[in-house]
Amino acid sequence: MKFVTFSFDDGEVFDERLCDLFRKYSLKASFALRSNCCGLHGDIFNANGSFFRHYDIIGKEDIARIYSGFEICSHGANHSGFAGKTIAELKQEIYPDLALFEKLTGNKVIGAVYPGGAYDGKAIENLKEIGIKYCRTIPDGTYNFSVPSEWECWVPTCHFQDENIFGVIDRFASLSEKSDAILHIFGHSYELEYKDRDWWGVAEKICRKVKNLENVRYATLGEIYHYFHGKDEQ
C-alpha cells in the first residue's frame, strides 16, 4: 500500500488555514502540539538581537474545532528535547500532552514528534516504555519512502519547502502500486508566511498534485502505524 501523509509542528495559528487547505483536498495530516505552550504569543529574535518573527500559538479553547478530522500528537509539553532525559523527565514532557489533548478531542494520542528532531537510544527506549507508538524526527536528505523499521525514529520524506519536492512526488508516483511506501511531507505552518516566496501557493500546488495521484491512501501518522501493526492495537 502507498500512503500520503503530512505532519506539521508547533501549533501556531496558521494551522487553521492549513487545516482548511487539507480539507479542501480531502487530505490527512498529523499536528504536533505542546500543551504548556497553548495560547502563548510573543516575538522571536535572531542571535544578533534583530527581530525575526512574531509567534501566536492556538489556545486550548480552539484545538478541538481547528483540528477536527486530523490527528494530534505530542511535541513535548514544554518543547524540551527528548534526548538525554530520564524516563521520569520524559514523562513530564509527554504525559501533560496526552492528558490535555485526549480530554479536548476525545481521541487517544499514540504518537509524538521529537522537539528539534533530536533523539538518542535512551529516548527511543523510554518512549516505548511510556507507550508512545511512534515518534517522528526530521528528514535525512535521502527522500525516504520506506516504512519505518523503528517506529520511534520515523524519518519523513522531505520538508514542504524542499527545492526538489515536486520531483520527489513524481518519483513516489512512479513506484509500483504494490509497494509499501510512504510519502511523508512535514513542516511548520508559520513557514507558509515567509515572504521570500508564495508558500501558500506552493502548499496548494503540493496538495493538488498529491490529490491527483493514483492508487494511494491518504492517512494520518497514527492510521499508517495501525495499518502496519493491525487493528488489535487501536
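Helices, of at least four residues, and strands, of at least two, are DSSP runs numbered from the N terminus. With these labels in mind, note that the model is a predicted one.

**First stop: a loop residue.** Select Y143, which lies in the loop between β7 (134-136) and β8 (158-159). Its phi is near 50°, a positive value in a residue other than glycine. Such a value deserves attention because most residues other than glycine have a negative phi.

**Second stop: another loop.** Move to N215, in the loop between α6 (199-211) and β10 (217-218). Although N215 is not a glycine, its phi is positive, at about 55°.

How many disulfides does a search of the whole structure find? The search finds zero. To follow the reasoning, recall that a disulfide requires two cysteine sulfur atoms within 2.5 Å.

Select C37 together with C38. The closest cysteine sulfur to that of C37 is in C38, at 7.4 Å, which is too far for a bond. C37 is also buried, and its relative accessible area is 11%.

Next, select C135 and C73. C135 is in no disulfide either, and the nearest cysteine sulfur, that of C73, is 8.2 Å away. Is C135 buried or exposed? C135 counts as buried, because its relative accessibility is 0%.

How values were computed:
Residues are numbered from 1 along each chain as its sequence is written. This is a predicted model: local features need pLDDT of at least 70, side-chain atom pairs count only at pLDDT 80 or more; totals for chains, interfaces and linings use all residues. Side-chain values use heavy atoms; hydrogens and water are left out. Buried means under 20% relative accessible area, exposed over 50%, partly exposed in between (1.4 Å probe, protein chains only).
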